[in-house]
Amino acid sequence: MNNYSLKNVLKKNTMIIVMFVVYIFFVITTNGSIFSPSQFTALITQNAYVFVLGAGMLMCMLTGGNIDLSVGSFVCFIGALAGVVSVLKQVNTPLSLLIVLIIGIIYGVILGYLIAFLNIPPWIATLAGYLAFRGAGTEILTKVSTTSAISNFPEPLLAMFSGKVFETPTGTFNIPCIIAGVIAIVAVIVLNFKSRADKVKKGYEAPPQGYVIAKSVALALVIGLLTYMFALDGGIPVVLIWVVAIMLIYNFVCEKTVIGRHFMTVGGNGETARLSGINNKIVMFAAYLNMSILTVIASLMVTARFKAANSFAGQNFEMDAISACIIGGVSAYGGSGTVFGMAIGAALIGIINLGMSLMGIDQNWQKVVKGGVLLAAVVFDIWTKRNSGKK
Amino acid sequence: MSDELRSTRLSGADVASFFKKYMMLIALMAVAVFFNFATDGRALYAQNITNLIAQNAYVFVLATGMLLCILTGGNIDLAVGSVVCFAGGVGAVMMDKNIPWPAAVLIMLVMGLLIGMWQGFWIAFVKVPPFIATLAGMLAFRGLSNVVMGGYAYSVTNTTFLNIFGGGADCYIPDILAGVGPEMKAGDGTVLNKFCLVVGILFAIGIVVYTILHRAYLRKHDYKVPALVSTIIKTAIICVAVVWLFYKLSAYKGIPTALIWIGLVLGLFAYITTKTTLGRNLYAVGGNEKATRLSGINTKMVMFKAYTLMGLLAGFAGVLNTARFVGAQPTYGMGYEMDAIAACFIGGASAYGGTGSIGGVIIGALMMGVINQGMDIMGTSSNYKLVVKGLVLLLAVFFDVIMKMRKKGGVKA
């Protein structure tokens, strides 16, 4: 058995290949307009929330295919709250952020308690939140404004969650962006080789030299391309930093920490996990508390992007986050899934959305396609598992 | 003390278990009384009672289907709202193109059935988790209804269709006894629909006769017969409620046709869930799927049928909805899945499957209806309605879970 034969490598990275195929498809159908600096920025800024919510949803799904349906409505509610606090009450930015974060934590604690300790099925507990927060968010916004929206957010708050780092005019090269890109490429290459060296030293099975080189080259090319595009379009979008930071943190937590592995264990076999001394309830509780905190961040990103809190903000966000996980190979029954996979899923959804919008496909067909992609991803996941089980 | 005597006396424990059993019914009455006071009695106007039924017909129909899915193990269908919209849209567009209404209704039902089979296939045979399969359906059919209607609203003008399925101004059974005997009037002078009253009284008599026969049957076959007193109280309450309801209806325009459809659907599925093999299989699968499979029942087929029937009922709810709103719009049916799910849980269906009944669905749907309408009459904004609905749903499940913990004698570690 060679884990690094071409066939196995391709099999393991099906979704990445699908992503490239889809991307090339859209490059052709949009006459290359998707392959432009401004569209690269759009891809990140429009879909940053999917990555953030996807990370939270991943933790919930790992514990046994549990989901949170309330994230979209909670995004709306937190946006409205942030508007009231920071715009209408003129509270300074750090304090407003603290207030919405505390509200998020309170909701997370309540939700986690209901689900983990009272055994209320997650989709019911979060369905209640889905209804209640949409109503509450809309009510707040209609009460305080005739247009059911709050705008004029303070500049510091917007700058934290939108815009670009060291912005330069479009078309000129943004130097900080290029420096960051070069550092990222070097870091990725060093880490790849170091990881192989460690494995060889400890006598684990290590990938062949050629594989590491190929992987490093591919990653360097992708990062290089992104750097080039962002540099031409004014710099690194602020949300990209959030997204990368969250991805790195959650990847570390999931892969390298005890608590992270507990999520997988509980989802893999709850009874075994409990008998081996893991406190399942705490793990479950942590998953939902974590989800609420990430939802607050996602909400601020969305609010900052629109520069306003809207009553329709966050609609169907739960679907996007769940789809990102499922497409990224997270098991719908829990126990397996990676942050990297989820990120690929989120990027794929983003590309499909952007591509369809650029092609001028109307919103309704987009919904149909989204539903179809979600179903196809689960079925694909189930079928590949069934086949590998037969062998 | 003889057995006969003991069985006719109510002990303290009986009273406690009575309250436990009818908790939701009591809660329903409390909520109705609350809204009656909060609206200065307007909530119980004859017209409002009639509207309560007509407006919430879809909740009864969808909750019936949802019950079947929930029984199989707490599975749900999130797509029903979109399916109602899609089926309704297809029908409205067809009628707009002058296709006769029976054909349109048939197509709507077939659409619902096919969608149900499609979802059932993925859920039962491919083992796609229900919430994902139906989430995909929720997105896709909402999009498709927009496509079908091209983003426009269609109105339905065929009065026969509207009258039959409970829409428009004349969707009531006419008073065929109007000329017979003297005219009857209510306290405030409104003329009563005599046919409606007679039907109500006959219905109440039917319940009494059924109860007596049922007790005789139980005694004959040596089953445990419930205490006479509690049977009498229960039957009396039901009969009073039925007669009161029909009295209210007769003081407005008579029996709304929607009520007949609700009655048919509920009656049919009460029969299916309690007396047929399929119905009992639904409970068995939800109670213990593995044991059911090992005892030779095709659990996949049971699951498939549950979702197929759900689809069919969603199609039928689409028909009723199109009539009720005298047309179709791409935004109709949003949040209907929540109403249906909430009605089931308020009615005592277990979120883990295996328990629940049509009787419970009726109470749950009425509760949702009373809350919806009460808040409408009070002029509460639709946003608060969402908040209240969410909390009611949570409370109902919370209550269910707490009850079960008590029964088990403590929280499982």
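Helices here are DSSP runs of H or I with at least four residues, and strands are E runs of at least two. The model is predicted.

**Stop 1: chain B.** Select chain B and colour by secondary structure. You get 18 helices and two strands. The radius of gyration is 22 Å, close to the 22 Å from the globule rule for 413 residues, so chain B is as compact as a globular protein of that length. Now colour by burial. Of the 413 residues, 46% count as buried. Among contacts in chain B with a separation of 6 or more, 79% join residues 24 or more positions apart.

**Stop 2: the contact between chains.** Show both chains. Chain A puts in 36 residues, and chain B puts in 36 residues. On the chain A side, select α6 (122-144), α14 (317-327) and α16 (363-390), the elements that give two or more residues. Which of them gives the most? It is α6(A), with 14 residues. By class, this side of chain A has 23 nonpolar, nine polar and four charged residues.

**Stop 3: α3(A) against α14(A).** The crossing is right-handed.

Show side chains. From α3(A), pick residues including Tyr49(A), Leu53(A), Gly54(A) and Met57(A). From α14(A), pick residues including Phe317(A), Asp320(A), Ile322(A) and Cys325(A). The contact has 11 nonpolar, one polar and one charged residues.

Key: Residues numbered from 1 in each chain as written. Chains lettered and ligands numbered in written order. Predicted model: local features only at pLDDT ≥ 70, side-chain atom pairs only at ≥ 80, totals over all residues. Contact = placed C-beta atoms within 7 Å. Nonpolar A, V, L, I, M, F, W, Y, C, P; charged D, E, K, R; others polar. Rg over C-alpha atoms; globule rule 2.2 N^0.38 Å. Buried ≥ 20, exposed ≤ 12 C-beta atoms within 10 Å, placed from the backbone. Left-handed = near helix turned anticlockwise from the far one by under 90°.
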